[in-house]
Amino acid sequence: CGCTDAILQYDDGTAQWLTWGGLYRGVWFHLEDFSPGCDDYLADTLEYWFYHFPSAWDTSWFYAELYSGGSGGPETELFSTSVNAGHYCPTYVEVSPPVETGGDFWIIMNTEMSSGGWPSILGDGTPNSQFGSHSFLSDDFMIWEPWIIQGPEAEDYFIRAHGVPILGLEEETWGSIKSLFGEVL
């Protein structure tokens, strides 16, 4: 497990699309894709990228939310706050105090403050064939559809997690025992 400070992102870093589709937009993070062997993540910052589409936006405010949950969708809210989106730069949201997410979690952009799904989130143009679909949209928070522009897999929203992957208790405990008693064991 490369358990050091980690920024988790599925997007390829090249913005090619923007969208205001879906009242909720989110990225499902599966920690094994980034840090095999780690089964928990301590999230301290959420990152979003937007493109201000002046003739459409009725607000630049949204709710930044963090949920537990796997591929089936978000489950339990872990964090929520209202945020003002920036234009074509990272909008960082501090999670204070940092939250343990488990090995699967969602970062959601909730646009309930808007009349039409704004602000518009940026996305890449490359379907994520290595890990499958991880960017999804929903109008009712029940049914989550992959954000597909082309191909069988979803392209990726510019939504990222900052924090630290955490080893499971057994591995940490064994490491502590070895440190305490040396390699004699």
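The answer below starts with the whole chain, turns to the salt bridges, and then follows their surroundings.

Analyst: A word on the basis comes before the details. This is a predicted model, in which local features need pLDDT of at least 70 and side-chain atom pairs count only at pLDDT 80 or more, while totals for chains, interfaces and linings use all residues. Residues are numbered from 1 along each chain as its sequence is written, and side-chain values use heavy atoms, with hydrogens and water left out.

The protein contains 1 helix and 12 strands, where helices (H or I, at least four residues) and strands (E, at least two) are DSSP runs numbered from the N terminus. Along the sequence the pattern reads β-β-β-β-β-β-β-β-β-β-β-β-α. Of the 185 residues, 47% count as buried; here buried means under 20% relative accessible area, exposed means over 50%, and partly exposed lies in between, with a 1.4 Å probe and protein chains only. Taking contact to mean heavy atoms within 4.5 Å, residues 24 or more positions apart account for 77% of the contacts with a separation of 6 or more.

Now to the part you asked about. Side chains of opposite charge can pair when their charged atoms come close. A salt bridge is counted when a side-chain nitrogen of Lys or Arg lies within 4 Å of a carboxyl oxygen of Asp or Glu, and a search of the whole structure finds 2 of them. In one, Asp11 pairs with Arg160, and the closest N and O atoms are 2.6 Å apart. This pair links distant parts of the chain, since Asp11 belongs to the loop between strand E1 (6-8) and strand E2 (17-19), whereas Arg160 belongs to strand E12 (residues 159-167), 149 residues apart. Asp11 counts as buried because its relative accessible area is 5%, and Arg160 counts as buried because its relative accessibility is 10%.

Arg160 also forms a salt bridge with Glu47, with 3.1 Å between the closest N and O atoms. Here too distant parts of the chain are linked, with Arg160 in strand E12 and Glu47 in strand E4 (residues 38-49), 113 residues apart. Both Arg160 and Glu47 are buried. Taken together, Asp11, Glu47 and Arg160 are linked in a network of salt bridges.

What lies around this network? One way to follow the surroundings is through Leu46, which has Arg160 among its contacts once neighbours within four places in sequence are left aside. Other contacts of Leu46 include Ala64, Glu65, Phe79, Val93 and Ile107. Leu46 is also one of the residues with the most contacts inside the largest nonpolar core, together with Tyr48 and Ile107, and this core has 33 residues. A nonpolar core is a set of buried Ala, Val, Leu, Ile, Met, Phe, Trp, Tyr and Cys residues joined through side-chain atoms within 4.5 Å. Strand E4 gives the most to this core, with 5 residues.

Val93 has its place in strand E7 and counts as buried because its relative accessible area is 4%. Val93 and Thr45 are 48 residues apart in sequence, yet their C-alpha atoms are 5.4 Å apart in space. Beyond its neighbours within four places in sequence, Val93 is in contact with residues including Asp44, Thr45, Leu46 and Tyr48.

The other is Glu65, whose side chain makes a polar contact (3.1 Å) with the side chain of Asn110. A polar contact is a pair of N or O atoms within 3.5 Å; within protein, one must be able to donate a hydrogen and the other to accept it, and residues adjacent in sequence count only if both atoms are side-chain atoms. Asn110 is found in strand E8 and counts as buried because its relative accessible area is 4%. With neighbours within four places in sequence left aside, Asn110 is in contact with Leu23, Tyr24, Phe62, Tyr63 and Glu65.
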